[in-house]
Amino acid sequence: EKRLSSECEHLMQNIIRQKLIVAIEQQNCSNPYKKTVLVFLPENDYYEIELLFAQYLLKQHGIRVIYLGINVPEKDVKQIAFNKKPDFIYTQYSDVPPNNNMYKFIEKLSQHFKNFTVIVTSARLQFFRKNIPENIQLKFSIPEAVNYIMQ
């Protein structure tokens, strides 16, 4: 029964993923892009549905998205960011790999992308109380991040 549940969950995730990709591709932005956001998940993070949802909402609001996808090596993100010069860099924090240290993750992002505003979303950020570097914006949800970018 657990195996069936796992298979069903995997199937549902793939259906949602496919529908999001189709919805993203069908979006037609008639207005010129006002802002650009580079979107990615760090290495060893494969949870793409939320990242696709962020891309969908950003495009829906007329924001140009440079979508790098999941499991992206840091050096690749740095190279593309410095070549494309987006207005924002967007990522999500998860516990992947397990026992990942949120503060180290945020510090590393801050140091590697000093000249950029980096937006990090995670429901777990509500428990994060340490000093946050100036170039990092922590948001609890994707809609909150999109609203910040739209300002």
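In this predicted model, Glu-74 is partly exposed, with a relative accessible area of 26%, a value that falls between the limits of 20% for buried and 50% for exposed residues. The side chain of Glu-74 forms a salt bridge with Lys-108, in which the closest N and O atoms are 3.6 Å apart. This pair links distant parts of the chain, since Glu-74 belongs to helix α3 and Lys-108 to helix α4, 34 residues apart. Lys-108 is likewise described as partly exposed, its relative accessible area being 42%.

The count of salt bridges comes to 3. Another of them joins the side chains of Arg-17 and Glu-48, with a distance of 2.6 Å from N to O. Because Arg-17 lies in helix α1 and Glu-48 in helix α2, this pair ties together parts of the chain that are 31 residues apart in sequence. Arg-17 is partly exposed at a relative accessible area of 30%, whereas Glu-48 is buried at 13%. A further salt bridge is made by the side chains of Lys-75 and Asp-76, at 3.3 Å from N to O; here Lys-75 counts as exposed, with 61% relative accessibility, while Asp-76 counts as partly exposed, with 28%.

After α2 comes Gly-62, which has a positive phi near 75°. In helix α1, which runs over residues 2-26, Ile-15 is found, and this residue is partly exposed, with a relative accessible area of 32%. Together with Leu-11 and Met-12, Ile-15 makes a nonpolar surface patch of about 260 Å².

Phe-82 is partly exposed, with a relative accessible area of 34%, but Phe-116 counts as buried, at 8%. Phe-116 also forms an edge-to-face pair with Phe-113, at 6.4 Å centre to centre and 70° between the planes, and Phe-113, like Phe-116, is buried. Through these ring pairs, Phe-82, Phe-113 and Phe-116 are linked into a cluster.

Two further residues lie in loops. Asn-101 is placed in the loop between β3 (88-92) and α4 (102-112), where it counts as partly exposed at 34% relative accessibility. A polar atom of the Asn-101 side chain lies 2.9 Å from the backbone nitrogen of Lys-104. Asn-101 and Lys-78 are 23 residues apart along the chain, and their C-alpha atoms are separated by 21 Å. Phe-128 is located in the loop between β4 and β5 (136-139), and is buried, with a relative accessible area of 11%. The C-alpha atoms of Phe-128 and Tyr-103 are separated by 8.2 Å, although these two residues are 25 residues apart along the chain.

Methods. Residues numbered from 1 in each chain as written. Predicted model: local features only at pLDDT ≥ 70, side-chain atom pairs only at ≥ 80, totals over all residues. Heavy atoms only, no water. Patch = residues over 30% accessible without salt bridge, like charges linked within 9 Å, V, L, I, M, F, W, Y side chains within 5 Å. Areas by Shrake-Rupley, 256 points an atom, 1.4 Å probe, with all protein chains shown as cover. Salt bridge = Lys/Arg side-chain N within 4 Å of Asp/Glu carboxyl O. Helix = DSSP H or I, 4+ residues; strand = E, 2+ residues; numbered from the N terminus. Buried < 20%, exposed > 50% of the residue type's maximum accessible area, 1.4 Å probe, protein only. Polar contact = N/O pair within 3.5 Å; in protein donor to acceptor, adjacent residues only side chain to side chain. Phe/Tyr/Trp six-rings, centres within 6.5 Å; stacked < 30°, edge-to-face > 60°.
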